[in-house]
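Hi,

Here is the structure I promised to pass on. Have a look at it first, and then read my notes below.

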Amino acid sequence: MHKESKVAETVLYEVWKKQNYKNHLKTLNGDDVEVLDTGTENDSTSGPDFKNARIRIGNFTFVGDIEIDTDYSDWKSHGHNIDNKYNKVILHATLFNKNHYAFVYTRDGRKIPSIPLKTFIDESHLDNLKNELEKLNEHPNSHLKCTSLLQVCPQENKLKFLEKLGIERFEKKCNRVFDRLKELKFLDELKINEPIIRYDLTEKFHERKFSSADFDNKEIWLQVLHELIFEALGYSKNKSQMINLAHRANIQFLKKIEPDGILIQKYEAALFNIAGLIQKEDTLTEIATKSYSESLSINWNSIKSYYDNDFMDEAEWNFFRLRPQNFPTIRIAGGARFIKALLHENLIGTFAKKITEIHNLTVLINSLRSVLIIRGEGFWRNHFVFDQPANVEIKYFVGASRADEILVNVILPFFSVYFEIFGKPALSKKILKMYQVFEQKSDNQIIIDVSKGLMLEEYSKKTIYAQGMIELFRNFCSKNKCLECEIGGYVFN
């Protein structure tokens with residue numbers, strides 16, 4: 001077997017993503033391990049390697065993060081045992097574990113199973129993965145292995161497959177909305193005050209047939225939209241943190257805060273305190289921050305009796321390698337204003353009315369986008385972080401590009417489900433048509449690379465194709481499923 005020094009962690013990441021083992025995963029205590037979702041690879045330089053994974057160990061299902069190390073001892077030598085960012089790890093996977101230690105421990109004292117992958121993978125498999133990574137590193141901008149052959153595939157074939165994948169991606173988002181609605185309804189019936197499912201739901205839940213009458217409770221809809229908007233505000237590096245914040249500062253708690261002239265300030269006080277981002281007043285030097293911090297403290301003291309959940313830690317949030325405009329502080333400030341719109345300005349009703357009454361799809365898209373744009377104001381108009389004034393004015397907490405992202409990934413699937421449940425399928429079809437004609441203002445590196453590889457750069461701004469490109473990369477290209485891909489199948493056959 002390979003020497004430890006010759007196996008990079010990036011190779012082990014590929015092992016984890018591909019889940020190609022010679023025998024079934026087990027813990028050192030003999031419990032079966034089933035990987036239901038490998039999670040999303042963390043592209044930050046800090047924190048666990050895979051976020052939001054879902055695994056079953058024995059009879060229990062866990063949702064959380066995965067840390068992958070070359071050797072068992074790396075857990076301590078890398079400082080994971082004293083780092084709050086690793087408190088949500090649910091499995092530690094290593095290549096080597098010569099002393100057969102079955103567990104590692106987080107900073108908060110939780111015991112996590114550690115499994116040695118050496119037992120489950122062949123040496124030849126590691127060699128193949130190393131060779132693949134070396135080839136990719138030689139051509140870092142090429143995510144498509146068939147790029148050099150794509151000229152033989154007609155453009156109409158590529159576009160047809162991307163459109164199909166774009167629709168599938170939209171349907172997945174709709175299914176996620178519906179699944180979360182069902183979870184919240186079920187928890188409400190059981191009178192369980194838990195913001196997120198961290199275990200398998202009962203057999204009774206899986207057998208349950210839900211009807212539209214089950215979703216008459218407006219608070220469930222508010223909570224789902226609240227979670228989805230916050231998640232979208234987090235971008236990739238703070239997505240899980242923002243949705244965790246929405247789980248803690250949930251609608252049930254936020255509704256207890258009485259509306260008045262300083263409602264936004266109270267929401268900011270709640271969010272920044274619960275997020276763990278409040279700075280100690282005796283460490284502050286800037287006058288504006290001192291004044292704002294004092295205001296947060298006064299407002300939090302007036303509402304904290306309503307809060308009975310736990311708090312996040314500042315170490316959980318990512319600021320590194322982010323544009324200041326995307327700092328979680330700015331997104332939380334925007335989130336406070338979305339909460340006000342949700343609870344006191346009938347945001348759901350506003351969207352529903354526009355979708356119902358505006359018939360021209362281009363006009364409708366522009367009208368919906370305008371609702372999501374949030375101008376900068378107050379303390380955060382001149383600050384990206386506490387105690388340091390910004391050198392530029394922050395004109396928007398949520399600009400047009402981010403509004404587009406929220407519109408495509410949150411609003412359209414949310415209301416597609418909303419109208420379908422309440423017996424208005426024509427409006428659901430209208431939303432799908434809107435999705436098919438939508439042209440977004442933003443893109444990401446995956447869309448840029450895939451559109452270039454497919455020689456379809458002129459289609460990268462059309463949402464249905466752009467979403468199809470993301471789906472193509474994540475479900476086919478990155479998993480080496482070339483022959484299962486309609487484009488790859490055409491090219492290689």
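When I say that two residues touch or are in contact, I mean that they have heavy atoms within 4.5 Å of each other. Before we start: this is a predicted model, where local features need pLDDT of at least 70 and side-chain atom pairs count only at pLDDT 80 or more, while totals for chains, interfaces and linings use all residues. Residues are numbered from 1 along each chain as its sequence is written, and side-chain values use heavy atoms, with hydrogens and water left out.

Let's begin with E316. Which residues does E316 touch, not counting residues up to four places away in sequence? They are K85, K88 and Q241. With K88 there is also a polar contact, side chain to side chain, at 3.3 Å. (A polar contact is a pair of N or O atoms within 3.5 Å; within protein, one must be able to donate a hydrogen and the other to accept it, and residues adjacent in sequence count only if both atoms are side-chain atoms.) E316 sits in the loop between helix 10 (287-303) and helix 11. Helices here are DSSP runs of H or I with at least four residues, strands are runs of E with at least two, and both are numbered from the N terminus. E316 has a relative accessible area of 15%, so E316 is buried. The cut-offs are under 20% relative accessible area for buried, over 50% for exposed, and partly exposed in between, with a 1.4 Å probe and protein chains only.

Is N97 buried or exposed? Its relative accessibility is 7%, so N97 counts as buried. A polar atom of the N97 side chain lies 2.8 Å from the backbone oxygen of Y101. Leaving aside neighbours within four places in sequence, N97 is in contact with L28, Y72, S114 and P116.

Now for some helix pairs. For the angles, axes are lines fitted to C-alpha atoms, for helices over the stretch in contact, and the angles run from 0 to 180 degrees between N-to-C directions. Under 35 degrees counts as roughly parallel, over 145 as roughly antiparallel, 65 to 115 as roughly perpendicular, and the rest as oblique.

Take helix 6 (residues 218-233) and helix 11 (residues 328-344): they pack at about 160°, with axes 10 Å apart. That angle is why helix 6 and helix 11 are roughly antiparallel. Helix 6 brings L222, L225, H226, I229, F230 and L233 to the contact, and helix 11 brings R331, G334, G335, F338, I339, L342 and L343. By class, that contact has nine nonpolar, three polar and one charged residues. (Ala, Val, Leu, Ile, Met, Phe, Trp, Tyr, Cys and Pro count as nonpolar, Asp, Glu, Lys and Arg as charged, and the others, Gly among them, as polar.)

Helix 12 (residues 347-357) and helix 13 (residues 361-372) pack at about 170°, with their axes 10 Å apart. Helix 12 and helix 13 are therefore roughly antiparallel. On the helix 12 side you'll find L347, T350, F351, K354 and I355, facing L364, S367, L368, V371 and L372 of helix 13. That contact has seven nonpolar, two polar and one charged residues.

What about helix 9 (residues 263-275) and helix 10, at what angle do they pack? The angle is about 90°, and the axes are 8 Å apart. So helix 9 and helix 10 are roughly perpendicular. Among the residues that meet are A269, F272 and N273 in helix 9 and Y292, L296 and W300 in helix 10.

Finally, go towards the other end of the numbering. In helix 16 (residues 445-453), the buried residues are I446, I447, D449, V450, S451 and G453, and they pack against helix 17. At the start of helix 16, a side-chain oxygen of N444 comes within 3.0 Å of the backbone nitrogen of I446. Just after helix 16, M455 has a positive phi of about 60°. T463 lies in helix 17 (residues 463-475). T463 counts as buried because its relative accessibility is 0%. Apart from neighbours within four places in sequence, T463 is in contact with V408, Y435, F438, E439 and Q440.

Cheers
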